[in-house]
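Visitor: I am new to this structure. Please show me how to read it, one feature at a time.

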Amino acid sequence: MEQTGSDRLKIVLLLLAVAGLLLGLALYFMGEVRVAKFLWIAGVAPALVALVIEILRSLRRGEVGLDIVAALSMSAALAFGETLAAAVVAVMYSGGTFLESFAEGRARREMHALLSRVPRTATRHRSGGLEDIPLDEIIPGDRLLIRQGDVVPVDGTLASETGFVDTSALTGESLPVRLVLGAETMSGATNAGEAFDLIALRPAKDSTYAGIVRLVAEAQASKAPMSRLADRWSLGFLVVTVAIAFAAWWFTGDPIRAVAVLVVATPCPLILAVPVALVAGLSRAAHFGVLIKGAGPLETMARIHTLILDKTGTLTDGRPQIVSIACHSDKSEDEILRLAAALDQASKHPVAQAIVAAAKARGLSLPVPSEVVELPGEGLIGHVAGCRVIVGGDGFVASRIAGQSGVPSSLAAGVVLVAVAIDGRLAGHLVMSDPLREGTGAMLDRLRREGVERILLATGDRADVAERVTEGLGLDGLRAGLTPDQKVLLVLSERKRGPVMMVGDGVNDAPALSAADVGVAMGARGAAASAEAADVVLLVDRIDRLVPGIEIARAARRIAVESVVAGIGLSMLGMIAAAFGYLSPVQGALLQEAIDVAVILNALRALRISPVDAPRA
């Protein structure tokens, strides 16, 4: 509401300034010079009063900006009788502030689209019926009905056989995602198919979408180092402007030249271009599923020198997949997998869930297990379809059956072996590994082309496993067997070479993400701790989104710098011309207005940044 009131005030001030200028011009050409000057002053006064109030507020906060130049130029023009120039400056200043608000509002449009999608209520199953409840009343375990077209209100797991959700507003993925029974989905996705049931995993305030909304608010309120630098430069620019104006008056004895200099310097493109370009960059990055928590991280991303990657869940998929099935009995591969997956339905262990997912991917029907006993970290014992099934590590299974283990003689580093016994006999082994994410090599090549000079792997896993997984990627370094503290030390040592970006997905990565110049969390299914510690969250479970994120950051920063250099350069030339008497105050005001409009329009080019080969929403 406060922002709306501020925008309305800017519109009113602009309308008063424009009305005073135009009516004054009409009366001036009709010969009513005194009335025309009165109208020009009347149009200037509200803008000048509002400007002085804003300057006093800024000074109270310890901020010095170029609004002072605008106030000086209007006051000087009025004092020396250049009322038309003052009126033009008033229109220019009020129009510039309104144009800046309009530009930033347009740049934030995609982020505001996120906020407008927040549902207000949810439909919950209760006592055989349905009830509409506020989001705050949802508790973990509630069974919710998600109708076609509804926005998923909280993070949860699918309680129906299948479901289709549209995640384009969150991740940029244009095609609906198919979910199966038990699959997790993020709040904020839209049901793109038939109605389905969802079991709530966490309250609405702790769900993914609520976190995104908070991050958007933080991002919009943030200030980039480049913007803070612009504030510091503004003081220097103010001193230079006043010095040129004073020198022009001192050496020529003509105060009108000083007025012209002040008018040309008002307002400065430095304070307009930077926020517009960087906020536009934030908007574009969000469009591609890269949520950057502020303009500061965006600008730092554009200068990244070293990239440090975690392995499990980041460089690799993080979910073991079945490479092969070794049969040691008359049971077929599908039968061994079916019985093992049926028993593993009772476990939340990542390996067990991967086996269940593999069986479902093959279209195997999974009976409900009974009499299940799970020994955490070792395996499960239970009954499936009349058979006694044991699934777990080879030693765990071998100790509970008669006969040899049958372990393959040679296994690659990093391979996980899951033994399956049926009715007291070893039936087979499921050979599993955590594969490298598809397209990782091409992604790293593109990052190098974007200016990332060093790419390192930091993992807590064994060195032989890390070397096997990353073979052929051309990494600049590999650090294995690291504890969270050692990852932090690696980040700090690499920062001596230049800005460091750290990418991770687990709780153990959170300290390193905080220590890095830019921490990136795999937010789609990563740990909440890593997402909170990170500066950037990838809303889709694809590390290749780093590339468009960095491309957008570099392009937005480049556009901001171009706008500043061009705007300040033209303003300086205009001030020098005014000091030598080549520009009158009115001409200087019109010139500066043209410069400001050009600078803002150039900064808005950041809204059209299109990363190469990036997926579109």
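Guide: Start with a definition: two strands pair if DSSP finds at least two bridges between them. Keep in mind that this is a predicted model.

Visitor: Which residue in strand 6 is the bridge partner of Gly-163?

Guide: Leu-179 is the bridge partner of Gly-163 in strand 6. Strand 6 covers residues 177-180, and four bridges join strand 5 to strand 6. The two strands run antiparallel.

Visitor: With which other strand does strand 5 pair, over two bridges?

Guide: That is strand 8, residues 190-191. The sense of this pairing is antiparallel too. Here Asp-166 has Thr-190 as its bridge partner.

Visitor: How do the side chains point along strand 5?

Guide: The general idea first. Side chains in a regular strand alternate between the two faces of the sheet. Now the case. Strand 5 spans residues 162-166, and its side chains alternate. Gly-163 and Val-165 point to one face and are buried.

Visitor: Let us step back to the whole chain. How many helices and strands does the protein chain have?

Guide: There are 22 helices and 22 strands. The protein chain has 617 residues, and 50% of them count as buried.

Visitor: What share of the contacts join residues at least 24 apart?

Guide: The share is 67%, counted among contacts between residues at least 6 apart in sequence.

Visitor: Give me a single residue. Is Ala-421 buried or exposed?

Guide: Look at the relative accessible area: buried means under 20%. Ala-421 has 0%, so Ala-421 is buried. This residue lies in strand 16, residues 416-422. Leaving out residues up to four places away in sequence, Ala-421 touches Arg-388, Val-389, Ile-390, Val-397, Ile-401, Leu-426 and Ala-427. Ala-421 and Ile-336 are 85 residues apart along the chain, yet their C-alpha atoms are separated by 8.7 Å.

Visitor: Now a loop residue. Where does Thr-470 lie?

Guide: Thr-470 lies in the loop between helix 17 (463-469) and strand 19 (477-479). Its relative accessibility is 8%, so Thr-470 counts as buried. Leaving aside neighbours within four places in sequence, Thr-470 is in contact with Leu-315, Leu-457, Leu-475 and Leu-478.

Visitor: Why does Glu-450 count as partly exposed?

Guide: Partly exposed is the class between buried, under 20%, and exposed, over 50%. Glu-450 is at 23% relative accessibility, so partly exposed is its class. Its place is in the loop between helix 16 (440-449) and strand 18 (454-458). Glu-450 touches Ile-550, Glu-551 and Arg-554, with residues up to four places away in sequence not counted. Ile-304 is 146 residues from Glu-450 in sequence, but 9.4 Å away in space, C-alpha to C-alpha.

Visitor: Which residues form the nonpolar patch on the surface?

Guide: Ile-11, Leu-15 and Phe-98 form it. Together they have about 260 Å² of accessible area. Take Leu-15 from this group. Leu-15 is found in helix 1, residues 2-29. Leu-15 is exposed because its relative accessible area is 55%.

Visitor: How should I read a pair of aromatic rings?

Guide: In one of them, Tyr-28 and Trp-40, the ring centres are 5.8 Å apart and the planes stand at 35°, so the pair is tilted. Tyr-28 lies in helix 1 and Trp-40 in helix 2 (residues 33-60), so the pair ties together parts that are 12 residues apart in sequence. Tyr-28 counts as partly exposed at 40% relative accessibility. Trp-40 counts as buried at 3%.

Visitor: What kind of aromatic pair do Phe-246 and Trp-250 form?

Guide: Phe-246 and Trp-250 form a stacked pair, 5.9 Å centre to centre with 25° between the planes. Both lie in helix 8 (residues 225-252), four residues apart, about one turn of the helix. Trp-250 counts as exposed, at 61% relative accessibility.

Visitor: Which residues do ring pairs link into a cluster?

Guide: Tyr-28, Phe-29 and Trp-40 are linked in this way.

Terms used:
Residues numbered from 1 in each chain as written. Predicted model: local features only at pLDDT ≥ 70, side-chain atom pairs only at ≥ 80, totals over all residues. Heavy atoms only, no water. Buried < 20%, exposed > 50% of the residue type's maximum accessible area, 1.4 Å probe, protein only. Contact = heavy atoms within 4.5 Å. Patch = residues over 30% accessible without salt bridge, like charges linked within 9 Å, V, L, I, M, F, W, Y side chains within 5 Å. Areas by Shrake-Rupley, 256 points an atom, 1.4 Å probe, with all protein chains shown as cover. Salt bridge = Lys/Arg side-chain N within 4 Å of Asp/Glu carboxyl O. Phe/Tyr/Trp six-rings, centres within 6.5 Å; stacked < 30°, edge-to-face > 60°.
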